[in-house]
Amino acid sequence: MILLGINSSGLIHFGNYLSLIKPVFNYNLKKIFLADLHCISKNIYILNVLKNKILTIFSFLSFFKNIYYYQSFNTNILKLFWLILCFYNKNKAKFFHFLKNNFFFSLGKICYPFLMCSDIINNNNKFIFVGIDQIQHIEIYKKIRKKINFFLNTNLIKKCNFIINNKILYSFDKKKMSKSNKNDLFLFSNIIEINKFLKKFKNTNKKKKSVLNFSLNIINNNYIIDIFFKYNNTIFINKIKNIIYQKFLPFKKKFFFYIKNINIIIKNLNIFNNFSKNIINKNCKIIFNKFNL
């Protein structure tokens with residue numbers, strides 16, 4: 001079983017498709033973990049968080065029918081989060097990459113990697129799928145795991161196998177496509193929005209800057225290369241926007257079907273959440289008993 005984790009700070013974009021959905025599309029054994037507590041550290045309006053939670057799950061449901069559950073549904077994650085904070089030295093926090101260029105940030109932002117460690121330990125999943133930008137958090141998890149096991153003199157927290165996806169989707173501003181960079185495009189955007197986005201790319205053949213690189217990461221077809229060298233940039237964009245739109249149209253129809261039947265889907269999600277809560281409770285019970293929690 002592979003665990004896929006994503007926060008609900010924004011809508012699912014093409015970068016999420018390349019890093020999370022596309023690599024495991026044909027793999028049946030998956031659990032989708034929505035880390036909705038993480039996005040609170042980003043000062044997002046709470047109603048947007050709730051809206052994004054629903055739309056994120058519906059986006060994933062359009063591709064997979066698997067086990068889905070929310071981070072906020074289980075308080076044991078927060079209990080273990082507090083224990084982890086007690087096992088980490090504050091002096092080591094200065095090495096976190098987001099502290100280097102930021103002068104004003106919340107304490108929640110500093111604790112973001114520790115909450116992620118709590119998620120990993122609570123779920124106790126054998127395989128966890130992560131992006132290349134999460135490698136630092138994996139190292140923190142390994143250190144905390146060793147510390148807790150050494151302190152309790154047992155091997156309670158078992159080792160996880162991390163599957164690291166090293167693919168990065170670059171946007172029109174030459175940066176990684178992400179919600180925080182505000183250069184993302186919603187996965188189920190219409191043709192007009194796709195067209196506007198593609199026109200923001202500069203007309204260049206350089207690998208990380210071109211609309212060709214963006215298109216190949218999404219579709220990966222030799223036909224796109226033929227179109228690129230056969231026509232000029234304007235015709236290429238007109239053709240590629242239709243190809244991208246048509247590729248995701250079947251999934252987009254499912255997405256809107258789930259929105260229309262929102263009450264039924266939410267009931268099913270609550271069943272998944274109750275199921276996962278029982279699993280997490282079993283994983284944490286031994287650890288909490290050691291501390292009489």
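Surface patches are made of residues with over 30% relative accessible area and no salt bridge, joining like charges within 9 Å and nonpolar side chains (Val, Leu, Ile, Met, Phe, Trp, Tyr) within 5 Å. A salt bridge is a side-chain nitrogen of Lys or Arg within 4 Å of a carboxyl oxygen of Asp or Glu. Accessible areas come from the Shrake-Rupley method with a 1.4 Å probe, and for residues only the protein chains shown count as cover. Tyr 45, Ile 46, Leu 47 and Leu 50 form one nonpolar patch on the surface. Together they have about 420 Å² of accessible area.

This is a predicted model, in which local features need pLDDT of at least 70 and side-chain atom pairs count only at pLDDT 80 or more, while totals for chains, interfaces and linings use all residues. Residues are numbered from 1 along each chain as its sequence is written, and side-chain values use heavy atoms, with hydrogens and water left out.

## The whole protein

The secondary structure comes to 11 helices and 5 strands. Helices (H or I, at least four residues) and strands (E, at least two) are DSSP runs, numbered from the N terminus. Of the 293 residues, 49% are buried. Buried means under 20% relative accessible area, exposed means over 50%, and partly exposed lies in between (1.4 Å probe, protein chains only). The protein exposes about 16200 Å². Carbon and sulfur atoms supply 57% of that area. Contact means heavy atoms within 4.5 Å. Among contacts with a separation of 6 or more, 77% link residues 24 or more positions apart.

## Back to the patch

Ile 46, one of the patch residues, lies in helix H2 (residues 46–61). Is Ile 46 buried or partly exposed? Ile 46 has a relative accessible area of 48%, so it counts as partly exposed.

## Strands S1 and S2

Two strands pair if DSSP finds at least two bridges between them. Strand S1 (residues 2–7) pairs with S2 in the parallel sense, over 6 bridges. One of the residue pairs is Gly 5 with Phe 33, its bridge partner in S2. From S1 the chain crosses through helix H1 (residues 14–21) to S2. This β-α-β crossover is right-handed. The term applies if, with the strands pointing away from the viewer, the path from the first strand over the helix to the second runs clockwise.

Why is S2 largely enclosed by the rest of the structure? S2 is largely enclosed because 6 of its 6 residues are buried. Lys 30, Ile 32 and Leu 34 point one way from the strand. Lys 31, Phe 33 and Ala 35 point the other way.

Ala 35 lies in S2, which spans residues 30–35. Its relative accessibility is 7%, so Ala 35 counts as buried. Leaving aside residues up to four places away in sequence, Ala 35 touches Ile 6, Asn 7, Ser 8 and Gln 71. Ala 35 and Ser 9 are 26 residues apart along the chain, and their C-alpha atoms are separated by 9.3 Å.

## Strands S4 and S5

Strand S4 (residues 127–131) and strand S5 (residues 161–165) run parallel, joined by 5 bridges. Gly 131 stands opposite Asn 165 in S5. With helix H6 (residues 135–152), S4 and S5 make a right-handed β-α-β unit.

Asn 149 lies in helix H6. Its relative accessible area is 9%, so Asn 149 is buried. Beyond residues up to four places away in sequence, Asn 149 touches Thr 154, Asn 155, Leu 156 and Ile 157.

Lys 126 lies in the loop between helix H5 (112–123) and S4. At 55% relative accessibility, Lys 126 counts as exposed. Lys 126 touches Cys 160 and Asn 161, not counting residues up to four places away in sequence. The C-alpha atoms of Lys 126 and Lys 159 are separated by 7.7 Å, with the two residues 33 apart along the chain.

Lys 174 is found in the loop between S5 and helix H7 (191–199). Lys 182 is found in the loop between S5 and H7. The table lists their values.

| Residue | Phi | Relative accessibility |
|---|---|---|
| Lys 174 | about 70° | 44%, partly exposed |
| Lys 182 | near 55° | 73%, exposed |

Lys 174 has this positive phi although it is not a glycine. Lys 182, too, is a residue other than glycine with a positive phi.
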